[in-house]
Amino acid sequence: MIMKKILFHSLFLATALTAHAQFSEFRPGVIAEGVNYALPRTGIKADVTAQKIVYVPGEFAKYAERYLHVQNVSTEPSTTWKIARMNVYPYGEPDTLKYFTVKLKDKSVAPMAQLTKTGILVAINTTADLKEPSQPQTTTTHHKLDGKKYFTAEILAAASTSKMAELAAQEIFDIRESKNSIRRGQAESMPKDGASLKIVLDELDEQENALTQLFVGYRDTTTCQETYSIVPSGDVEQDVLFRFSQKLGFVDEDDLAGEPYYISIHDQHTVPLPTEAEAKKRKINGIAFNMPSIASVRIFNSATTAYDKDVPFAQFGTIDVLNATLFGKDATTAVTFDPTTGALLHLTK
């Protein structure tokens, strides 16, 4: 109850920026007067992971149905793209309208203030666990096998491509029959133990897959990631976040070859804002922090919704203040703040 009184009665002082809150050049960190820090504004990031699939037809592709009874095998190379996943999350960046200096007579708080690399205040008299974002990587999985190294002398001596395909198909059927005989224990020369059995079967699998690839082709897959972000200053109604093409992958925002993925953001006004008269009367005299407002965020295209959640946004809310007396010379008050929204997370005395 005492804590609630501190937070909601004696500390309800915010929103108007004083002379201490603006700098021609923001230099976060400890200074002679105290600590320079920023409050964040909230943005939305979408890490979009896509896969590029390159199909390479086999040398015997047009004989796949005739000799292997595999239908619908394309004889033309192709490249297709698809979105594998989308990771959407809020992030914080310094709000250029919310720079402050902690100014205390005894300066006891200055050495105990933790800031992010960009100067956002995250903790006082304690430490917050800050996670570094992972860096996107592009990886390619290759699937090409060398089927020709398993050609028999008879295949190599064939007079036409059609005959080579016929003999290669027969070799595939012979390999399958050999594997079945080994599994049934009917082979003339059986492996002596389980380890030897696995080696033999793995080798036969390799031969079959390599020869089969000459008919059905192979697909190489490249996985890559692009990050798109937006920091709204107000409601956003169906803005294009990015465009994506099944043939070209990620394209520019104005490239109509790509299908648009839209984003809409609507403030739910969950935090009452002060009137202009109230704002003029308030002064920052302590530790400023944000009281974010909840907004609905939706990312979608013409077919589906990829993301639909409520997210707190710093810039849609207001500012409150922790009184400087909480951090006096003999005080042990510890506070942590959300680096994404600037909201008060924990306060202990």
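Student: Is Lys179 buried or exposed?

Tutor: This is a predicted model, where local features need pLDDT of at least 70, side-chain atom pairs count only at pLDDT 80 or more, and totals for chains, interfaces and linings use all residues. Residues are numbered from 1 along each chain as its sequence is written, and side-chain values use heavy atoms, with hydrogens and water left out. A residue is called buried under 20% relative accessible area, exposed over 50%, and partly exposed in between (1.4 Å probe, protein chains only). Lys179 has a relative accessibility of 9%, so the word for Lys179 is buried.

Student: Which side chain meets that of Lys179 in a salt bridge?

Tutor: A salt bridge puts a side-chain nitrogen of Lys or Arg within 4 Å of a carboxyl oxygen of Asp or Glu. Here the N to O distance is 2.7 Å, and the partner of Lys179 is Asp205. The two sit 26 residues apart, Lys179 in helix 4 and Asp205 in helix 5.

Student: Which residues do salt bridges that share partners join into one network?

Tutor: Let's look at another pair: the side chains of Arg176 and Glu208 meet at 2.9 Å, N to O. This pair also links helix 4, with Arg176, to helix 5, with Glu208, 32 residues apart. Arg176 is partly exposed at 32%, whereas Glu208 is buried at 12%. Salt bridges with shared partners make one network of Arg176, Lys179, Asp205 and Glu208.

Student: How far does helix 4 reach from its first C-alpha to its last?

Tutor: Helices (H or I, at least four residues) and strands (E, at least two) are DSSP runs, numbered from the N terminus. Helix 4 covers residues 161–183, which makes 23 residues. The expected span is 1.5 Å times one less than the number of residues. That expectation is 33 Å, and the helix comes close to it, reaching 33 Å.

Student: What covers the buried residues of helix 4?

Tutor: The buried residues of this helix include Met164, Leu167, Ala168, Ile172 and Ile175. An α-helix has 3.6 residues a turn, so residues three or four places apart point the same way. Among the elements that cover the buried residues are helix 2 (64–68), helix 3 (153–156) and helix 5 (194–216).

Student: Which residues have the most contacts inside the largest nonpolar core?

Tutor: A nonpolar core is a set of buried Ala, Val, Leu, Ile, Met, Phe, Trp, Tyr and Cys residues joined through side-chain atoms within 4.5 Å. The largest one holds 24 residues. Strands 2, 3, 7, 8, 10, 11 and 12 each give two or more residues to this core. Those with the most contacts inside it are Ile44, Phe242, Phe250, Ile263, Ile265, Val297 and Phe313.

Student: How many residues are in the second, separate core?

Tutor: Tyr67, Leu68, Ala168 and Ile175 are among the members of this second core. The number of residues in the second core is 23.

Student: What share of the contacts with a separation of 6 or more comes from residues 24 or more positions apart?

Tutor: Contact means heavy atoms within 4.5 Å. The chain has six helices and 14 strands, and 43% of its 349 residues count as buried. For residues 24 or more positions apart, the share of those contacts is 75%.
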